[in-house]
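Subject: Structure for you to look at

Hello,

Here is the structure I said I would pass on. My notes on it follow below.

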Amino acid sequence: MNPLLKIRGLKKTFPLTSGIFRKASGHITAVDGVDLDIFADETLGLVGESGCGKTTLSKIILALEEADAGSVLFDQTDIRKARGVELAKLRKGIQVVFQDPFGSLNPRKRVGSIIEEPMIIHNEGTKRERREKTRELMSMVGLHEDMLDRYPHEFSGGQRQRICIARALAVHPRLLICDEPVSALDVSIQAQVINLLVDLQKKLNLSYLFISHNLSVVGYISHRIAVMYKGRIVELSQADSLFSRPLHPYTKCLMEAVPEPVPGRAKGFGYVKKGEGGLSGSLTGCPYQPLCPQATELCSKESPRFEEKEQGHFVACHRAG
């Protein structure tokens with residue numbers, strides 16, 4: 001089965017500048033040779049610490065950033081090569097829900113206009129049809145149609161995120177990129193929004209790229225999970241397999257950091273040692289080896305290949321297995 005989204009060899013660097021003339025003094029590698037597939041009706045979770053390249057990867061998929069190398073195929077069409085009408089059609093099929101549900105809504109527009117705007121941009125339906133569709137979307141995300149004439153500041157954070165989801169669904173996308181969609185919400189509201197996304201996926205046959213640093217949330221919603229570290233995918237497997245048997249030391253470190261709701265139980269962080277990983281330039285060997293307690297001389301000299309260690313379980317580590 002062909003994937004809905006197929007990413008191969010994706011790379012993106014940003015220059016480091018200094019001085020009043022902004023002279024280039026190096027570079028930061030944000031995305032470093034990423035390969036990923038997302039299939040129809042699937043949720044792929046993408047986890048990693050802040051600054052590992054998750055959002056940059058999503059921006060490249062959305063054609064908001066230009067990659068240095070690689071390909072991004074959506075429904076067999078390369079987004080990086082698309083222009084004009086073809087690119088607009090691809091963007092219609094990939095929509096996004098941002099992290100901040102207030103900052104991503106225009107405070108000067110009423111909610112009805114905000115949800116209707118994507119349909120206007122993509123020339124969908126008459127004004128009457130768009131208005132009817134807007135009411136349907138409000139109901140679909142659990143909001144009353146009487147709220148259409150209100151402004152964003154009149155809603156709570158969870159309600160605003162529901163409005164963002166409704167806007168993203170306005171043009172019938174096949175893939176929804178959710179970039180930290182619940183991190184700005186209270187825990188109880190997070191659960192409601194996550195359950196809404198699960199229900200919408202079943203109802204509308206959506207695929208999700210769900211980006212987060214919260215493993216508990218990602219583990220609940222995802223079918224497969226990819227772990228990202230310094231621009232590279234270091235582990236990829238089914239969600240159950242990743243939680244029951246993580247193979248990469250960095251994944252184990254992330255698992256250790258997940259708090260347990262058991263009073264008096266302290267968790268040890270036995271997978272981290274002091275060191276400097278380095279952000280700029282290229283790192284010889286495994287990018288995690290300066291912090292890895294299992295690192296050997298081979299880890300500092302040779303970059304591990306991303307390969308299948310167990311059925312459906314891929315990892316880039318010399319010591320995994």
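**A buried lysine**

Lys12 has a relative accessibility of 9%, under the 20% cut-off, so Lys12 counts as buried. Please keep in mind that this is a predicted model.

Lys12 is found in strand β1, which covers residues 5-18. The side chain of Lys12 reaches the backbone oxygen of Glu66 at 2.9 Å. Apart from neighbours within four places in sequence, the residues in contact with Lys12 include Ile28, Thr29, Ala30 and Val31, as well as Thr56, Ile60 and Glu65. Lys12 and Gly70 are 58 residues apart along the chain, and their C-alpha atoms are separated by 9.2 Å.

β1 belongs to an open sheet of four strands, in the order β2-β1-β4-β5, with antiparallel pairing. The edges are β2 (23-38) and β5 (77-78); each has a single partner strand, so one side of each is left without a neighbour in the sheet. β1 and β4 (residues 69-74) run antiparallel and are joined by five bridges. One of the pairs is Leu5 with Phe74 in β4. Helix α1 (residues 54-61) lies across β1, β2 and β4, at about 115° to β1.

**The eight-stranded sheet**

There is also an open sheet of eight strands with mixed pairing, in the order β6-β7-β8-β3-β9-β10-β12-β11. β6 (94-97) and β11 stand at its edges with a single partner strand each, so one side of each has no neighbour in the sheet. On average, neighbouring strands here are turned by 25° against each other, direction ignored.

Within this sheet, β3 (residues 43-47) and β8 (residues 207-212) run parallel and are joined by five bridges. Thr43 stands opposite Tyr208 in β8. Helix α2 (residues 84-93) lies across β6 and β7 (175-179), running at about 50° to β6. Helix α9 (residues 249-257) packs on the sheet and touches β3, β9 (224-229) and β10 (232-238), with its direction at about 105° to that of β9.

What do β11 and β12 form? They form a hairpin with two residues between the strands, and Gly312 in the turn has a positive phi of about 75°. β11 (residues 307-310) and β12 (residues 313-315) pair in the antiparallel sense over three bridges. Glu308 stands opposite Phe314 in β12.

Regards

Notes
Residues numbered from 1 in each chain as written. Predicted model: local features only at pLDDT ≥ 70, side-chain atom pairs only at ≥ 80, totals over all residues. Heavy atoms only, no water. Pairing = 2+ DSSP bridges. Buried < 20%, exposed > 50% of the residue type's maximum accessible area, 1.4 Å probe, protein only. Contact = heavy atoms within 4.5 Å. Polar contact = N/O pair within 3.5 Å; in protein donor to acceptor, adjacent residues only side chain to side chain. Axes fitted to C-alpha atoms, helices over the stretch in contact; angles between N-to-C directions.
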